[in-house]
Amino acid sequence: MTTTRAVHANRPTGTTGTTGTTSPRPGAGRRVLRAVAITATVPYLSLKAAWLAGSHIGIPDGSVLLKGGPFLAVANAVTVAMDASVIVLVLALTRPWGRRVPGWLLTVPAYVATGLLTPIVLGFPAQALVKALGLGTAAAAQAGRQPFLDSWVFVVVYTGFIIQGIALAGLFVSYARERWGGRRLGAAGQRLPSPTGVVAGAAALAGLVAGAAQLYWAFGGSAGLPARQVESYSVETAVVFGAHAICAFASGAGALLLARGGARPARWPLALTWTGSAATLSWGAWMLAASAGANFGTDERATAVTGLTYAGQMITGLLAVAVLVRHIHSRRED
């Protein structure tokens, strides 16, 4: 009886009896992040719901989106579901029942969200800075382009995405530390086995090639791009290419650093590999799927070069995430 009372006395408040996993009430900071992340989904969900209902709010006359047809309707429905899932993910990361959800069921959507949001977090503020410095597309040139969306739509939607990305990152890191422990996630440890090193090298090479292609287009190269993208090139589009190049390079570099191991903390290699691989894999898959099915009323699709680049991004992400998974499993074996 004395032993039993001692065990219960030493158990942290909110600890489950079987796993030892704590599920305390989230602190003020996490509650604020939860509220901010959920609120940030409202503009995008509202716009998409309006478009699905037949509204053209934010879509100017003559926009190619008005000719999108069934594919655009399906794409809108899918993206509504994706952004709505952010709300579920945020609740799972901050509510006690989230500790009972299998780890992979939280990690996979968090990984995809990281991948889809990271280039926006990197690119949109850079585009705003470019415009503030007067380096963006001139008003006359902008007016001569084929209309797509009203400018306020990008500001509202992308600002919401950036807020979601930052809030989700804070919530997921806190959740991971509490559920799985900092040692498993933060220690570099010994060099990973040789086969993993080969995979990391392949990830670095694939990331170098995919990133170089994006960087070439960022600096004005046109070889391999569809004619419509060549015609619409600007400093703003260069920033987008640059953001994807950074993600591809980060994916390969992080995989190499994780495979090498060492005494240094693994926080930065983990962050590079997680963020870079998520962005290259998610956006590579998204763009490959979109280019195969979406022409928005035009006859132009992705070229063989852009298709190969998207596939290269996917390969980079898959190889890097394989190294990431092997690193985490090796820490569990220690």
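**Reading a predicted helical model**

Colleague: I can see the side chains of Arg30 and Glu178 forming a salt bridge, at 3.1 Å from N to O. What counts as a salt bridge?

Modeller: The rule asks for a side-chain nitrogen of Lys or Arg within 4 Å of a carboxyl oxygen of Asp or Glu. By this rule there are two salt bridges here. Arg30 is in helix 2 (residues 28–40) and Glu178 in helix 7, so this pair ties together parts that are 148 residues apart in sequence. Before we go on, please keep in mind that this is a predicted model, in which local features need pLDDT of at least 70 and side-chain atom pairs count only at pLDDT 80 or more, while totals for chains, interfaces and linings use all residues. Residues are numbered from 1 along each chain as its sequence is written, and side-chain values use heavy atoms, with hydrogens and water left out.

Colleague: Which residue is the other partner of Glu178?

Modeller: That partner is Arg99, and the closest N and O atoms of the pair are 2.5 Å apart. Because Arg99 sits in the loop between helix 4 and helix 5 while Glu178 is in helix 7, this pair ties together parts that are 79 residues apart in sequence.

Colleague: Is Arg99 buried or exposed?

Modeller: Buried means under 20% relative accessible area, exposed means over 50%, and partly exposed lies in between (1.4 Å probe, protein chains only). Arg99 is buried, at 14%, and Arg30 is buried too, at 12%. Glu178 is partly exposed, with 33% relative accessibility.

Colleague: How many helices and strands does the chain have?

Modeller: Helices (H or I, at least four residues) and strands (E, at least two) are DSSP runs, numbered from the N terminus. The chain has 13 helices and two strands. Buried residues are 38% of its 334 residues. Its accessible surface is about 17200 Å², with 68% belonging to carbon and sulfur atoms; such areas come from the Shrake-Rupley method with a 1.4 Å probe, and for residues only the protein chains shown count as cover.

Colleague: Which residues touch the most other members of the largest nonpolar core?

Modeller: In soluble globular proteins, nonpolar side chains tend to be buried together. A nonpolar core is a set of buried Ala, Val, Leu, Ile, Met, Phe, Trp, Tyr and Cys residues joined through side-chain atoms within 4.5 Å. The largest one here has 45 residues, and Leu93 and Leu168 touch the most other members. Helices that each supply at least two residues of this core include helix 4 (69–94), helix 5 (103–132) and helix 12 (267–293). Helix 7 gives the most, with nine residues.

Colleague: What does Leu168 touch?

Modeller: Contact means heavy atoms within 4.5 Å. Not counting residues up to four places away in sequence, Leu168 touches Val86, Leu89, Val90, Leu93, Ala113 and Leu117. Across the chain, residues 24 or more positions apart make up 82% of the contacts with a separation of 6 or more.

Colleague: Are Ala167 and Ile166 buried or exposed?

Modeller: Ala167, in helix 7, is buried at 1% relative accessibility. Leaving out residues up to four places away in sequence, Ala167 touches Leu33 and Ala37. Ile166, also found in helix 7, is exposed at 53%.

Colleague: What span does helix 9 reach?

Modeller: The expected span is 1.5 Å times one less than the number of residues. Helix 9 (residues 194–218) has 25 residues and reaches 35 Å from its first C-alpha to its last, close to the 36 Å expected. Its buried residues include Thr196, Ala200, Ala203 and Gly207. Thr196 has 10% relative accessibility, and beyond its neighbours within four places in sequence it contacts Ala259, Val323 and Arg326. Helix 9 is followed by Gly220, whose phi is positive, near 100°.

Colleague: Which residues make the nonpolar surface patch?

Modeller: Patches use residues with over 30% relative accessible area and no salt bridge, joining like charges within 9 Å and nonpolar side chains (Val, Leu, Ile, Met, Phe, Trp, Tyr) within 5 Å. Leu205, Leu208, Val209, Leu215, Phe219 and Phe249 make this patch of about 620 Å². Helix 9 brings the largest share, four residues. Phe249 belongs to helix 11 (residues 235–260) and is partly exposed, at 32%.
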